[in-house]
Amino acid sequence: MRVIAKSTLVKFWSRPGHADSKGALPSWYDEAIKASWERPQDVKAQYRNASICGNNREVFNVAGNKYRLVVEMQYRAGIAWVKFVGTHAQYDKINVETVNEY
């Protein structure tokens with residue numbers, strides 16, 4: 001997959017208080033760029049705890065479920081577009097299907 005907005009991940013783990021995501025987010029990125037996901041079931045096969053949501057969104061639990069990563073999957077184009085990364089408290093305040101904070 002081509003991952004769009006890696007800079008969003010870097011900005012997040014570079015913020016004070018989020019350094020503990022620096023191991024998990026780069027790992028997710030490395031796995032995603034090597035993946036050839038063609039449908040949501042392919043993501044679920046690799047990430048059992050990923051949530052399939054509306055508007056082609058997938059939610060990943062990151063760093064032992066401390067953070068949430070929302071990605072718009074464009075399977076035909078082979079694109080995983082990072083739309084949001086944040087704490088559970090921040091995640092609870094967004095609409096997964098429309099968030100666009102990259």
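Trainee: In this predicted model, which residues is Arg-57 in contact with, leaving aside its neighbours within four places in sequence?

Mentor: Beyond those neighbours, Arg-57 is in contact with Ser-51, Ile-52, Val-70, Val-71, Glu-72, Lys-83, Val-96, Glu-97, Thr-98 and Val-99. Arg-57 has its place in strand 3.

Trainee: Does Arg-57 count as buried or exposed, and why?

Mentor: Buried means under 20% relative accessible area. Arg-57 counts as buried because its relative accessibility is 4%.

Trainee: How are two packed helices described?

Mentor: By the angle between their axes and the distance between the axes. Here the axes of helix 1 (residues 6-14) and helix 2 (residues 24-34) come within 10 Å and cross at roughly 165°. Angles over 145 degrees count as roughly antiparallel, and helix 1 and helix 2 are therefore roughly antiparallel to each other. The crossing is left-handed.

Trainee: Which residues make the contact?

Mentor: Helix 1 contributes Lys-6, Leu-9, Phe-12 and Trp-13, and helix 2 contributes Leu-25, Pro-26, Trp-28 and Tyr-29. By class, the residues of this contact are 7 nonpolar, no polar and 1 charged.

Trainee: Where do nonpolar side chains tend to be in soluble globular proteins?

Mentor: They tend to be buried together. In this model the largest nonpolar core has 25 residues, of which Leu-9, Leu-25, Trp-28, Trp-37, Phe-60, Leu-69 and Met-73 touch the most other members. Helix 1, helix 2, strand 3 (57-62), strand 4 (67-74) and strand 5 (79-87) each give two or more residues to this core. A second, separate core has 7 residues, including Val-70, Phe-84, Ile-94 and Val-99.

Methods: Residues numbered from 1 in each chain as written. Predicted model: local features only at pLDDT ≥ 70, side-chain atom pairs only at ≥ 80, totals over all residues. Heavy atoms only, no water. Axes fitted to C-alpha atoms, helices over the stretch in contact; angles between N-to-C directions. Helix = DSSP H or I, 4+ residues; strand = E, 2+ residues; numbered from the N terminus. Parallel < 35°, antiparallel > 145°, perpendicular 65-115°, else oblique. Left-handed = near helix turned anticlockwise from the far one by under 90°. Contact = heavy atoms within 4.5 Å. Nonpolar A, V, L, I, M, F, W, Y, C, P; charged D, E, K, R; others polar. Core = buried A, V, L, I, M, F, W, Y, C linked by side-chain atoms within 4.5 Å. Buried < 20%, exposed > 50% of the residue type's maximum accessible area, 1.4 Å probe, protein only.
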